[in-house]
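Reader: I would like to go through some side-chain geometry with you. Could we begin once the structure is on screen?

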Amino acid sequence: MVSSSSSVVNVYPLANYTFGTKEPKMEKDTSVADRLARMKVNYMKEGMRTSVEAILLVQEHNHPHILLLQIGNTFCKLPGGRLKPGENEIEGLKRKLCSKLAVNSPSFPPNWQVGECVAVWWRPNFETVMYPYCPPHITKPKECKKLFIVHLSEREYFAVPRNLKLLAVPLFELYDNIQRYGPVISTIPQQLSRFQFNMVSS
């Protein structure tokens with residue numbers, strides 16, 4: 001149940017959720033250079049890339065944790081991805097969440113409750129650097145990334161691709177940890193500071 005006030009987020013214990021596996025979800029790129037090259041090709045065909053990512057909150061020890069997908073031993077990312085040209089942001093994020101975390105079974109219909117957008121990041125060039133604003137001299141940014149809070153139900157079943165890990169990372173671990181998580185993820189604690197977390201016991 002989403003609170004009537006958008007500034008309140010119900011956060012349920014990690015133990016409430018069930019985690020299984022499903023077929024691997026292979027990454028399209030084997031390196032950052034490959035990813036930027038593919039982005040350039042897609043930009044020539046479709047224009048600016050628009051991507052959406054989900055902030056999924058759980059709690060352990062009465063402290064909020066964010067669910068991150070880990071690729072290999074080091075790289076972590078929020079679940080989400082690129083929208084199709086003209087695709088609605090909310091529907092696109094639900095599609096990406098189903099692809100990344102939902103069970104491929106009608107017996108477990110996902111209930112993604114997409115809340116408000118809490119951050120917008122811009123990629124001015126075909127480089128790894130992103131900013132929480134579009135620099136004034138940039139008239140044709142290459143990517144716009146939006147982060148949404150997604151309200152989880154009290155109980156969910158997640159199916160994680162076998163080649164990925166789903167980690168619950170505490171806000172205090174993310175905060176200002178740009179070296180480990182990058183600027184987008186490490187600033188999520190600041191973006192969530194205006195929300196009131198309602199820690200719901202199991």
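Reader: Over which ring does the charged end of R180 sit?
Author: This is a predicted model. In the model, the charged end of R180 sits over the ring of Y181, at 4.8 Å from the ring centre.

Reader: And where does the charged end of K142 sit?
Author: The charged end of K142 is placed over the ring of Y43, 5.2 Å from its centre.

Reader: Turning to aromatic pairs, how many are there?
Author: The count comes to five. In one of the pairs, F19 and F158, the ring centres are 5.4 Å apart and the planes are at 20 degrees; the pair is stacked because planes under 30 degrees apart count as such.

Reader: Which parts does the pair of F19 and F158 tie together?
Author: F19 belongs to strand β2 (residues 18-22) and F158 to strand β9 (residues 157-161), so the pair ties together parts 139 residues apart in sequence.

Reader: Is F158 buried or exposed?
Author: F158 is buried, at 0% relative accessibility. F19 is partly exposed, with a relative accessible area of 37%.

Reader: Which residues form a cluster through ring pairs?
Author: Y17, F19, W112 and F158 are linked in this way.

Reader: A change of topic: where does E53 lie, and is E53 buried or exposed?
Author: E53 lies in strand β3, residues 49-60. Its relative accessibility is 11%, so E53 counts as buried.

Reader: What joins the side chains of E53 and K145?
Author: A polar contact of 2.9 Å joins them. Beyond its neighbours within four places in sequence, E53 is in contact with several residues, including L78, L93, K145 and F148.

Terms used:
Residues numbered from 1 in each chain as written. Predicted model: local features only at pLDDT ≥ 70, side-chain atom pairs only at ≥ 80, totals over all residues. Heavy atoms only, no water. Helix = DSSP H or I, 4+ residues; strand = E, 2+ residues; numbered from the N terminus. Buried < 20%, exposed > 50% of the residue type's maximum accessible area, 1.4 Å probe, protein only. Polar contact = N/O pair within 3.5 Å; in protein donor to acceptor, adjacent residues only side chain to side chain. Contact = heavy atoms within 4.5 Å. Phe/Tyr/Trp six-rings, centres within 6.5 Å; stacked < 30°, edge-to-face > 60°. Lys NZ or Arg CZ within 6 Å of the ring centre and 35° of its normal.
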